Amino acid sequence: MATPTRASVAHDVADDRDIARRILAHIDAGTTDEGTAWREPVGNYLDPTRFADELEMLRSYPSVYLPSAALPSPGDHVERVTFGVPLFAVRGRDGRARVFRNACRHRGMTLVEGPGCAQALVCRYHGWTYRLDGTLSHVPHADAFPDLDMPARGLVEVDSREVDGLIVIAPLHTPGPQAESAMTALADGSPWRDKLLPATRLVAVRPALRPMNWKVLVEQFLEGYHIRTTHKDTFYPIQYDDLNVVERFGPNSRITFPYKNIERLRERPESEWEVGHRVTYVYHLFPNVMVATFPNQTLVITVDPVDIDHTTVTIYAMVTPEVVQRASADPETAQGARNLLNEGGIEDNEMSEGVQRGLHAGANTFVEFGTHESAIGHFHATLDDRLAQSPMSPPVRLR
């Protein structure tokens, strides 16, 4: 076996043709990208104090909140609890997406419940009403509040930026020491913009509570070592087992999962190479969001920690207008592709749920990640680094 390629450490990611060259070289050599092995203490998944420290740290850094496609028109709004904090996003009449803390300024009632579209945001408890920009516009029986300063009692906004198809929020608590550089890493969408921006149509939103630690769930996206055994009847017939290109840009990663039809590129000049239907890219936007490209849809997946054993996962599925037209013309093929993807997701979740149960078995003191799973090590190393710089308990590491 030839010497494997080391995982890339870069400020950007390679172009599609270079990725294709690297994949074909791996196929010929029987190799995959390699990096540093990692051992993660089991206690870091199960210790409530560690979880509380992680949650506090996560609130101190920026993160991706939503795909822009979830708010296509003025008045559209979506809510989600992020790192234990209820938030919602709404697109204003000026076209700007804003993120607010999801609480009425009267009695704290949750203002937005589920997705919707509205001309104004009205609290269904007492009717306090807010414009789409968050300003307080109407209070029933306002004379009962003689000291109410309406301009000062608008909704509490969370600083956010909408860049390259994603809405990124600033820290929810006091910013951590690397918060500014972390925002820079998320606000530059050059690694993913050409993959995400064309997918303007949101076709499904699927939230689910999963019985696993949030880190276990993140890990399932970051390696292809499991393709043959976990997905033997779904992905393995069309993809390669244990063959990935791994790239890092800042705290983030991109893992490329090739399809077997990529070998057809050998028959064409490189100037004609297109990989859209020949690879899946998974972008891990640290800490808790995945952008995954598939031949006919793009997913933005948010991973929200609940407690040591539970995580809320929300999948936003988006397509291009052309895919909508093709699906209308050939609904059976479109449904078949969705079914394959859903079946693969079920298989991944079954494995992760099994891991979570196994963590409680007391058989292991650490979880082993090999050199072919280096993106997971990068995730844990970045998490440890941020925890170490936060004024909390230091991360547990194996000696």
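A residue counts as buried when its relative accessible area is under 20%. Keep that cut-off in mind as we walk through this structure, which is a predicted model.

Let's start with strand β4, residues 76-82. This strand is mostly covered, as five of its seven residues are buried. What does β4 pair with? One partner is strand β5, residues 85-91, which runs antiparallel to β4 and is joined to it by six bridges. You can pick out individual pairs here: His77 has Val90 as its bridge partner in β5, and Val78 has Ala89. Between β4 and β5 there are two residues, and the two strands form a hairpin. In its turn sits Phe83, with a positive phi of about 55 degrees.

β4 also pairs with β7, again in the antiparallel sense, this time over two bridges.

Now step back to the whole sheet. Five strands make it up, in the order β7-β4-β5-β6-β11, and the sheet is open with antiparallel pairing. Which strands stand at the edges? They are β7 (116-117) and β11 (157-158). Each has a single partner strand, so one side of each is left without a neighbour in the sheet.

Within β5 you will find Pro86. Setting aside neighbours within four places in sequence, Pro86 is in contact with Arg80, Val81, Phe100, Arg101 and Asn102. Take Arg101 as an example: 15 residues separate it from Pro86 in sequence, while their C-alpha atoms are 6.1 Å apart in space.

Next, visit a loop. Asp33 lies between α1 (16-29) and β2 (38-41). Is Asp33 buried or exposed? With 1% relative accessibility, Asp33 counts as buried. A polar atom of the Asp33 side chain lies 2.9 Å from the backbone nitrogen of Val246.

Our last stop is a pair of helices. Two packed helices are described by the angle between their axes and the distance between the axes. For helix α3 (residues 48-59) and helix α10 (residues 374-388), the axes come within 10 Å and cross at roughly 85 degrees. That angle makes α3 roughly perpendicular to α10. On the α3 side, the contact is made by Arg50, Asp53, Glu54 and Met57, and on the α10 side by Leu383, Asp384, Arg386 and Leu387. Sorted by type, the residues of this contact are three nonpolar, no polar and five charged.

Definitions and conventions. Residues are numbered from 1 along each chain as its sequence is written. This is a predicted model: local features need pLDDT of at least 70, side-chain atom pairs count only at pLDDT 80 or more; totals for chains, interfaces and linings use all residues. Side-chain values use heavy atoms; hydrogens and water are left out. Axes are lines fitted to C-alpha atoms, for helices over the stretch in contact, and angles run from 0 to 180 degrees between N-to-C directions. Helices (H or I, at least four residues) and strands (E, at least two) are DSSP runs, numbered from the N terminus. Angles under 35 degrees count as roughly parallel, over 145 as roughly antiparallel, 65 to 115 as roughly perpendicular and the rest as oblique. Contact means heavy atoms within 4.5 Å. Ala, Val, Leu, Ile, Met, Phe, Trp, Tyr, Cys and Pro count as nonpolar, Asp, Glu, Lys and Arg as charged, and the others, Gly among them, as polar. Two strands pair if DSSP finds at least two bridges between them. Buried means under 20% relative accessible area, exposed over 50%, partly exposed in between (1.4 Å probe, protein chains only). A polar contact is a pair of N or O atoms within 3.5 Å; within protein, one must be able to donate a hydrogen and the other to accept it, and residues adjacent in sequence count only if both atoms are side-chain atoms.
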